[in-house]
Amino acid sequence: MTFFTGLKKLIIGTAVGLCLVGCGKDETKPVKELKTTMTMDIDSLNPYKIVSSGSEEIMFNVYEGLLMPGVDGSLQPAIAESWTVSDDGKVYRFKIRKGVKFHDGTTLTPQDVVFSLNRMAGKDGFPPAKALLNEMESAKVVGDDIVEITLPNPNSAFIYALTMGIVPEANKDNLEKNPIGTGPFKVKDYSREQEIVLEKFDDYWGNKAKLDKVTVYVTPNTETAFLKLLSGEIDMLSRVDANRLKELQNFNNVSGPQNTVQIFALNNAVEPFNDIRVRKAINYAIDKDEIIKGVMGGNGIKLETNMSPVMKKYAIENVGEKRDIEKAKQLLKESGHENFSFTIKVPSNYSLHVNTAQIIAEQLKEVGIDAKIETIEWTTWLSDVYTGRKYEASIIGLSGKLDPYAVLRRYTTPYKNNFFNFSNPEYDKLIEESKYSSDDAQITKNYKRAQEILRDEQAAIYIMDPELITSLDKRIKGFEYYPTPFINFANMSFGD
């Protein structure tokens with residue numbers, strides 16, 4: 001640590017004579033540059049093709065929607081300074097903020113908003129960016145700086161999709177190569193599979209970024225990223241293994257729930273997991289506290305259903321499930337499925353899930369179950385498990401959303417990616433009613449009942465919301481966790 005500590009005495013970019021942060025500025029002034037990493041490259045520079053959470057957490061700094069996520073999970077005004085919803089829940093009116101500039105210097109207009117909404121909803125011949133947006137009937141300018149969106153039916157989930165970026169209509173044919181948004185940072189440079197460089201946008205309508213520049217290196221190997229942090233090559237590592245914290249005593253280590261649910265998925269359509277008694281027996285046989293301690297150093301929130309307590313408004317409280325080996329054995333005996341074996345397919349690029357699988361396999365031996373572990377490539381997991389449903393069991397993390405509908409619809413019978421093969425008519429009805437309701441109290445009640453069904457039916461084994469651990473150079477201030485993928489670089493600074 002002494003050697004690495006010495007290397008940590010950084011000079012934050014001089015950029016003398018290189019004009020890295022805009023020509024015409026005082027090039028002798030030190031550039032306030034933050035350097036970090038991401039494990040996978042961004043999906044696309046086109047905001048309507050971004051899929052992965054890793055891409056979202058970076059590109060939210062570049063693209064802004066009508067609304068943006070808040071730290072508390074609420075929706076905050078952004079390009080829309082205010083909005084109203086009709087009593088029947090079908091008509092949304094957004095007052096567009098005046099004086100908003102795009103990164104190319106042009107002024108945003110309500111027509112740009114209408115174009116963007118139509119593009120993301122698939123109204124101009126392109127695939128919809130999100131299926132939810134496909135339900136938009138129309139978007140139009142109806143008055144001075146007012147954009148009106150009409151839906152054929154009320155949809156409580158729709159508004160959460162409006163964090164998707166607004167872009168200039170003039171750039172409609174070049175979204176893939178020329179990223180122009182309205183965020184506090186613009187894309188300065190992008191080298192595929194290498195790095196993306198963000199630069200402060202001086203004409204940003206809101207609070208200006210305190211950093212001049214953010215460089216994000218694409219670093220798939222987690223050990224390489226860790227060593228970059230120790231050596232001072234980067235200033236921030238957003239995902240740190242809890243078992244490595246002892247090596248990071250000279251850093252500011254921050255942890256917090258990430259609104260993710262780590263689940264032990266059991267294919268409800270495959271024997272013996274089509275028997276609720278077997279699913280419940282496995283839940284009784286697993287010691288979640290041991291898993292949280294073993295793979296996260298205790299940095300995790302124990303769960304019993306598919307929603308993190310971060311979603312305060314909708315999440316139900318744990319009833320306090322406890323490990324019960326004898327109860328597990330009794331249920332297995334009643335079901336006629338004692339001493340069986342099965343395979344857990346786990347994506348090899350997630351050490352958290354691989355390590356969890358190893359602990360679970362050991363725990364299940366105590367009730368006579370032989371769980372074999374098969375590590376597979378991420379693309380194979382997506383094709384075999386997520387879309388193909390060709391598996392017995394798996395361990396994965398399901399990322400949280402601001403919209404509870406997006407979290408809970410995963411278990412509805414018609415949902416194409418319901419890889420659990422869970423099916424419950426009451427559950428389906430609750431989720432469908434919530435989607436098309438404008439009664440907030442009833443929506444909340446439905447979602448809470450739906451979670452009780454997931455727990456009662458043991459649709460899956462819910463383990464924890466693994467807390468994110470982020471290590472930062474001690475000079476860095478302003479870092480906060482959001483309940484959705486978003487690293488808000490604009491609020492961060494080197495001590496100022």
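This report walks through the overall build of a predicted model and then looks at some of its local features.

## Ground rules

The model is predicted, so local features need pLDDT of at least 70 and side-chain atom pairs count only at pLDDT 80 or more, while totals for chains, interfaces and linings use all residues. Residues are numbered from 1 along each chain as its sequence is written, and side-chain values use heavy atoms, with hydrogens and water left out.

## The whole protein

Let's start with the overall picture. The protein has twelve helices and 19 strands; these are DSSP runs numbered from the N terminus, with helices (H or I) of at least four residues and strands (E) of at least two. Its C-alpha trace spans about 75 × 65 × 35 Å along the principal axes.

Of the 496 residues, 52% are buried. Here buried means under 20% relative accessible area, exposed means over 50%, and partly exposed is in between (1.4 Å probe, protein chains only). Among contacts with a separation of 6 or more, 69% join residues 24 or more positions apart, a contact being heavy atoms within 4.5 Å.

## Helix H6 and its buried side

Helix H6 covers residues 288-296, and its buried residues are Lys288, Ile291, Ile292, Val295 and Met296. They sit on the same side of H6 because they cover an arc of only 95° around the axis; the arc is that of the directions from the helix axis to the C-beta atoms. An α-helix has 3.6 residues a turn, so residues three or four places apart point the same way. The cover over the buried residues of H6 includes helix H5 (276-285), strand S14 (300-302), helix H8 (351-365) and strand S18 (461-466).

Both ends of this helix are worth a look. At the start of H6, a side-chain oxygen of Asp287 comes to within 3.1 Å of the backbone nitrogen of Asp289. Such a polar contact is a pair of N or O atoms within 3.5 Å; within protein, one must be able to donate a hydrogen and the other to accept it, and residues adjacent in sequence count only if both atoms are side-chain atoms. Just after H6, Gly297 has a positive phi of about 60°.

## Aromatic pairs

Across the whole structure there are 23 aromatic pairs. Rings of Phe, Tyr and Trp (its six-membered ring) pair if their centres lie within 6.5 Å; planes under 30 degrees apart count as stacked, over 60 as edge-to-face and the rest as tilted. The rings of Phe60 and Phe486 have centres 5.2 Å apart and planes at 55°, so this pair is tilted. It links distant parts of the chain, 426 residues apart: Phe60 is in the loop between helix H2 (53-59) and strand S2 (67-69), and Phe486 is in the segment after strand S19 (468-472). Both Phe60 and Phe486 are buried.

Phe273 and Phe340 make an edge-to-face pair, at 6.2 Å centre to centre with 70° between the planes. Phe273 lies in the loop between strand S13 (260-266) and H5, and Phe340 in the loop between helix H7 (325-335) and strand S15 (341-347), so the pair ties together parts that are 67 residues apart in sequence. Phe273 and Phe340 are both buried. Ring pairs also link a cluster that includes Tyr350, Trp378, Trp381 and Tyr411.

His103 belongs to the loop between strand S5 (91-96) and helix H3 (110-120) and is buried, with a relative accessible area of 10%. Its side chain has a polar atom 3.0 Å from the backbone oxygen of Gly183, and the side chain of His103 also reaches the backbone oxygen of Phe185 at 3.2 Å.

Val187, in strand S8 (residues 185-191), is buried at 19% relative accessible area. Val187 and His103 are 84 residues apart in sequence, with their C-alpha atoms 8.9 Å apart. Beyond residues up to four places away in sequence, Val187 touches Met59, Val62, Pro179, Ile196, Val197 and Leu198.
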